Amino acid sequence: MLVPESELKWFSVQPSPGVFDFSGYRRMAAFAHANDMDMRGHVFVWHRANPDWLEGALTDRRTAEKILASHIKRVTQETAPLIRNWDVVNEAIDTESGREDGLREESIWLKALGPDYIPLAFKLAHAADPGLTLAYNDYGLEQGDGGNRRKRRCTLRMLEKCLRAGGPVHALGLQSHLQAHMPLAHNDFRSFLRDVRALGLALYITELDLDVSRLFGRMDDRIKLAQNYLRAYLDLVQEEGAIEMLLTWGLSDRYSWLRKDNPGLAGALPLDADFDRGPMWGTLKEGWLHI
Ligand code: G3I
């Protein structure tokens, strides 16, 4: 399954008001088609990767709703029938938020529409194509520190509210940008996953990668540590509910977003920078995938 990292974000598909550009997406879709692969959509509503004109155009509620509705409609028209599963809202919770509900304050959608922008986005996606499966997607839910704990609490509350307001959210995407030097959350994370499943949501791992840059010691030991960490995480998630989908955020270390801060990046993804199979390939193969 292919997920465009950038090609379906706002700045790619609607660079100017009402002007749509699907050239990047179409190149990927042709590849997916030729190789008999599915695709998944990312993303309709995010505080980043928006074109410069967008924030200023959201002048009032009615206009903002109209712009969002027509964007979602045009993009789903273009991507159906290939894409049936979408990240509708991405990263709406911010651990640093001064708001009690933890909603991300810099979101242009929160500013224009208030907290209802979340159920609204899900309703609009459903109205555009009722057969789509719709996910909320976020990072920073997996680990054990205080910020992650607050994020889990606020995310759960937000999902409950969204459902109560009639927003058809079907799944939670755990981005899973893991850091091998940070402890996993174990019990708190387990009960979060149970609570999410009790709301009737499916669980996906949507953007798995593993930052191993702050492990020290002999290479063999570091590889073992990283593999054990990933195995522990995947086992934990699997024990709390069948994972319906596992996606890594890229395939090779060469093109990972993590490379920007770490040019010598190694071991974050299944393939190394030379496209050879690395330790993560082995871990996924052992217990997880038939690859
Ligand atoms: O396409 C332009 C190119 O024309 C230009 O020359 C170049 C110069 O900087 O920039 C290119 O755009 C970059 C784009 O990636 C290309 O794919 C942007 O600067 C860069 O900011 C953008 O980064 C992406 C980032 O999201 C922001 O959209 C990363 O590739 C992508 O991996 C990252 O993905 C996010 C998920 O959407 C949400 N979860 C976290 C994840 C990692 O940050």
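Start by selecting Arg152, and show whatever touches it: leaving out residues up to four places away in sequence, its contacts (heavy atoms within 4.5 Å) are Leu141, Glu142, Gln143, Ala185, Asp188, Phe189 and Phe192. Arg152 sits in helix α7, residues 146–164; helices here are DSSP runs of H or I with at least four residues, strands are E runs of at least two, and both are numbered from the N terminus. Is Arg152 buried or exposed? Arg152 counts as buried, at 3% relative accessibility. Buried means under 20% relative accessible area, exposed means over 50%, and partly exposed is in between, using a 1.4 Å probe and protein chains only.

A word on what you are viewing: this is a predicted model, in which local features need pLDDT of at least 70 and side-chain atom pairs count only at pLDDT 80 or more, while totals for chains, interfaces and linings use all residues. Residues are numbered from 1 along each chain as its sequence is written, and side-chain values use heavy atoms, with hydrogens and water left out.

**Next stop: His186**

Select His186, in the loop between β5 (177–179) and α8 (187–198). Its phi is near 45 degrees, a positive value in a residue other than glycine. His186 is partly exposed, with a relative accessible area of 40%.

**On to the ligand**

Zoom in on the polar contacts, which are pairs of N or O atoms within 3.5 Å. Glu5 has a polar side-chain atom 2.4 Å from an oxygen atom of the ligand. For Trp249, a polar side-chain atom lies 3.0 Å from an oxygen atom of the ligand. At Glu207, an N or O atom of the side chain is 2.7 Å from a nitrogen atom of the ligand. The ligand taken alone exposes 790 Å², and the protein buries 51% of that; these areas come from the Shrake-Rupley method with a 1.4 Å probe.

**Backbone details**

Glu91 lies in the loop between β2 and α5 (108–113), and counts as buried at 9% relative accessibility. Its phi is positive, about 60 degrees, although Glu91 is not a glycine. Most residues other than glycine have a negative phi, and most peptide bonds are trans.

With that in mind, select His42 and Val43: the peptide bond from His42 to Val43 is cis, with omega near 20 degrees. Val43 is in strand β1, residues 39–45. Another cis peptide bond joins Ala80 and Pro81, where omega is about 5 degrees. Look for Pro81 in the loop between α4 (61–79) and β2 (83–90).

**Last stop: helix α10**

Finally, select α10, residues 279–287, and colour its buried residues: Met280, Trp281, Thr283 and Leu284. Seen down the axis of α10, these residues fall within an arc of 165 degrees, so they line one face of the helix; the arc is that of the directions from the helix axis to the C-beta atoms. Which elements cover them? Among them are β6 (202–211), α9 (219–239) and β7 (243–248).

Note on methods:
A polar contact is a pair of N or O atoms within 3.5 Å; within protein, one must be able to donate a hydrogen and the other to accept it, and residues adjacent in sequence count only if both atoms are side-chain atoms.
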